[in-house]
Structures are given as C-alpha cells and as structure tokens.
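Colleague: I have a model open and want to learn to read it feature by feature. Can we go through it together?

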Amino acid sequence: MSKPEIWLESTHTLSTRGRGRTGVGHYTEELIAHLAAVDPEQAYTVVGNVFMTAEPHLPPVKSAGKLRFRLSRLFPGKVWNQLFKRGLMVPLNILIPGRPDVVVFFNFVRYPLTPGVKSIVTVHDLTFRHFPERVQERNRRYLDRFVPRALEQSDHIIAVSEYTKQDIHRTYGTALERISVVPPGVDLHKFRPGLETDRVRAKLKLPKAYFLFVSTIEPRKNVPGLLAAYRALPEAVRWEYGLVLAG
C-alpha cells in the first residue's frame with residue numbers, strides 16, 4: 001500500500017523567527033523536524049503562506065526523512081488573513097497546488113480544503129474561552145469564531161493534554177473518540193540536567209534555588225497572579241527560593 005500524501009500547514013512558524021517565536025511556533029518546528037524519524041519512508045510536505053515581508057524560517061531537518069517545503073508568496077499577510085476571515089480564501093491545496101490525502105494544522109484553526117481532503121487540527125488550550133480578559137481582544141474574537149468551525153470541519157483533533165481533551169468535549173460537545181491526546185515532547189539536546197547551569201546562574205546572578213517561569217509575557221499568562229502568589233508565600237520560603245521569569 002502506498003503512503004498517504006501528508007501536508008503540514010505551518011504559516012505561523014514559517015513567518016516567525018527568533019525571539020518572535022511563540023510556544024506554538026516552537027512546538028510546530030520541533031514536531032516537523034522530528035516527524036521523519038518516526039517513519040523515514042513517509043514523505044511530509046510543509047506548506048504555508050510566507051508573507052511578502054518575511055523570509056521563511058525553515059525548521060532544521062534532524063533526520064534523513066523525506067521532508068520538503070512548498071511555500072506560497074501570493075498574498076501579503078494582511079490580505080491572506082482578511083480573505084480567510086471573510087470566507088473568500090481559496091482552498092489551501094489550490095493556492096498551493098497539490099493532492100494531499102490529509103493536512104495537519106498545528107495552530108487551532110483549519111483553512112479551507114477541497115472536498116475529499118482529510119484534516120487534523122491541534123488545539124492547545126481554551127484560554128480564550130474561559131479567561132477572555134487574559135487574551136488580546138483581536139485574538140479572542142478570531143479564536144472564538146474559527147476554533148468551533150475547525151472542530152466541526154476537521155476529521156480528527158489533537159489535544160496536548162487530557163485536560164484539554166475533556167475541556168473541548170465539555171465546551172463544544174465534540175465527541176471524545178474524535179480527540180487524541182498527544183503531549184508535546186522535550187528536546188533533550190537543549191534541555192537536560194546540568195546544562196551549563198553554573199555558568200548561566202553566575203552570568204545572570206540567579207539565586208541558588210528558585211521557581212522558574214518560562215513563557216511569553218502577555219496578559220493571558222497572568223504574570224500579576226504569579227507575582228501575587230509568590231508574595232503570599234511565607235517569608236522563609238521566599239528567602240530560600242527566588243522567582244525567575246524568562247520569556
């Protein structure tokens with residue numbers, strides 16, 4: 001039996017590099033780079049719209065798998081987004097000609113596809129639904145509108161945790177059998193015990209023991225709540241453990 005044609009949609013990752021890369025961007029890049037190691041005979045095509053103002057940031061290929069890139073520069077970013085929001089965007093596999101069997105979307109939302117093409121969408125959390133005051137208004141409106149549509153139109157959904165799976169089911173009524181839990185992995189080349197710990201601690205003048213918060217610094221991460229919780233700890237605990245924010 002021949003292998004299916006699998007497309008990995010990653011406009012979000014391809015158009016964002018360096019310090020602009022969010023958690024979803026890192027997740028997508030690492031997943032793309034490691035997928036080929038699972039099945040070296042499976043071909044994967046990374047597709048997306050690379051906005052005219054940005055050079056594509058191609059994930060490093062960490063295996064000898066069959067990985068290729070097919071990128072479109074037909075529309076500036078604002079035009080792409082406005083066409084999609086107004087329901088005027090042509091199917092992705094017409095914009096980027098090809099005949100995929102399945103397209104995987106890593107960032108909450110599913111773009112239009114021609115009939116017969118299956119799709120999988122990844123939902124990381126429902127913060128925008130339960131804590132709207134912690135999400136930028138523009139992003140909240142976008143996700144409120146398009147996540148329910150993506151859940152309905154996709155053939156399968158990936159949740160990054162069992163909690164998110166149950167939350168999708170409770171909030172939108174999506175059948176549990178349509179949702180699989182696939183937790184994000186850890187890049188052991190970057191994160192391992194004792195990785196330059198002493199040098200980094202000395203350079204940044206970090207305390208010997210500390211709580212570490214790693215995230216983008218934005219309202220939905222509730223950094224003020226974290227600071228308030230830290231202040232509420234007994235003085236002896238705060239004296240022994242510092243609080244370090246990185247993001």
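Predicted model: local features only at pLDDT ≥ 70, side-chain atom pairs only at ≥ 80, totals over all residues.

Colleague: Start with strand β4. Which way do the side chains of residues 102-105 point?

Modeller: In a regular strand the side chains alternate between the two faces of the sheet. Now the case here. Val 102 and Val 104 point one way from β4, and Val 103 and Phe 105 point the other way. All of these are buried.

Colleague: Which strand pairs with β4 through Leu 8 and Val 104?

Modeller: Strand β1, residues 6-9, pairs with β4 in the parallel sense, over four bridges. Within that pairing, Val 104 is the bridge partner of Leu 8.

Colleague: And in what sense do β4 and β5 pair?

Modeller: Parallel, over four bridges, with β5 spanning residues 118-123. Look at Val 104 again: Ile 120 in β5 stands opposite.

Colleague: Now the rings. How many aromatic pairs does the structure hold?

Modeller: Eight. One of the pairs is Tyr 27 with Phe 106, at 6.3 Å centre to centre and 75 degrees between the planes, hence edge-to-face.

Colleague: What does the pair of Tyr 27 and Phe 106 tie together?

Modeller: Tyr 27 lies in helix α2, residues 23-38, and Phe 106 lies in the loop between β4 and β5, so the pair ties together parts that are 79 residues apart in sequence. Both Tyr 27 and Phe 106 are buried.

Colleague: Why is the pair of Phe 84 and Tyr 111 edge-to-face?

Modeller: Because the ring planes stand at 85 degrees, with the centres 5.0 Å apart. Phe 84 sits in helix α3 and Tyr 111 in the loop between β4 and β5, so this pair ties together parts 27 residues apart in sequence. Phe 84 and Tyr 111 are both buried.

Colleague: Which rings are linked into a cluster?

Modeller: Ring pairs link Phe 84, Tyr 111, Phe 105, Tyr 142 and Phe 146. Phe 105 also belongs to β4.

Colleague: Where does Arg 170 lie?

Modeller: Over the face of Tyr 163, at 5.5 Å from the ring centre.

Colleague: Last one. Why does Leu 83 count as partly exposed?

Modeller: Because its relative accessibility is 22%, and buried means under 20%. Leu 83 is found in helix α3, residues 77-85. Leaving aside neighbours within four places in sequence, Leu 83 is in contact with Phe 75, Leu 88 and Met 89.

Notes: Residues numbered from 1 in each chain as written. Heavy atoms only, no water. Helix = DSSP H or I, 4+ residues; strand = E, 2+ residues; numbered from the N terminus. Buried < 20%, exposed > 50% of the residue type's maximum accessible area, 1.4 Å probe, protein only. Contact = heavy atoms within 4.5 Å. Pairing = 2+ DSSP bridges. Phe/Tyr/Trp six-rings, centres within 6.5 Å; stacked < 30°, edge-to-face > 60°. Lys NZ or Arg CZ within 6 Å of the ring centre and 35° of its normal.
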